[in-house]
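Please open the structure in your viewer and keep the selection panel at hand. The tour below moves from aromatic rings to charged side chains.

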Amino acid sequence: DLSEKMIAEAWARNADPRIRYEVCGIAEYSYPAGYYDLVVSNLALHYLADLDDIYRKVFSTLRPGGVVLFNIEHPVFTAGVREDWVRDYPGERTTLFLGQEVKKQHHTLTQILMGLIRCGFVLEAVEEAMPDPSMLDLPGMADEMRRPMMLLVKARKPV
């Protein structure tokens, strides 16, 4: 993680000596070849412009049969709202999160899934996750329920 605070929190919650925490960006990580059985990414990929580069790095760091699991903001969520429909285009979007402007990257569904396939991954699961219906009482949530917010993907490196 890029955040020293998040790394400190992770360390406080789980100080198992088998875990190595590192303050580092996804693009700058060393990705040791054939090292991992599982790579997990939680709501991070929509901050990166070049998904294919990360997919190649993850593919190389997985052992044969290894799995990558990730969730990313769904493309219909990151596309943004426009008055006139135009063909969706990838690129940077600015959004408000907790009262602050945050820059994210919008990727099309084709970019997200076909990038994995081009790198050699086999797709095993794709899920358009939705909030629990019990959350409908939260302000603005009913409107959010009309579109998927998250995309969950499981892919495997062939044996």
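**Aromatic rings, then salt bridges**

Begin with Tyr-31, which counts as buried at 12% relative accessibility, in what is a predicted model. Together Tyr-29 and Tyr-31 form an edge-to-face aromatic pair, with 4.9 Å from centre to centre and 80 degrees between the planes.

Next select Tyr-35 and Tyr-36, whose ring centres are 4.8 Å apart and whose planes stand at 85 degrees, so this pair is edge-to-face. Tyr-35 counts as partly exposed at 48% relative accessibility, and Tyr-36 counts as partly exposed at 25%. A search of the whole structure finds five aromatic pairs.

For a charge over a ring, show Phe-59 and Lys-157: the lysine lies over the face of Phe-59, at 4.7 Å from the ring centre.

Now turn to the salt bridges, of which there are eleven. Select Lys-104 and Glu-73, where the closest N and O atoms are 2.7 Å apart. Because Lys-104 lies in strand 4 (residues 100-106) and Glu-73 in strand 2 (residues 62-73), the pair ties together parts that are 31 residues apart in sequence. Lys-104 is buried, with a relative accessible area of 9%, and Glu-73 counts as buried at 11%.

Move on to Glu-124, which counts as partly exposed at 39% relative accessibility. Glu-124 forms a salt bridge with Lys-154, the closest N and O atoms being 3.4 Å apart, and another with Arg-156, at 2.7 Å. Finish with Asp-53, Arg-56 and Lys-57, which salt bridges with shared partners join into one network.

Terms used
Residues are numbered from 1 along each chain as its sequence is written. This is a predicted model: local features need pLDDT of at least 70, side-chain atom pairs count only at pLDDT 80 or more; totals for chains, interfaces and linings use all residues. Side-chain values use heavy atoms; hydrogens and water are left out. Rings of Phe, Tyr and Trp (its six-membered ring) pair if their centres lie within 6.5 Å; planes under 30 degrees apart count as stacked, over 60 as edge-to-face and the rest as tilted. Buried means under 20% relative accessible area, exposed over 50%, partly exposed in between (1.4 Å probe, protein chains only). A charge sits over a ring if NZ of Lys or CZ of Arg is within 6 Å of the ring centre and within 35 degrees of the ring normal. A salt bridge is a side-chain nitrogen of Lys or Arg within 4 Å of a carboxyl oxygen of Asp or Glu. Helices (H or I, at least four residues) and strands (E, at least two) are DSSP runs, numbered from the N terminus.
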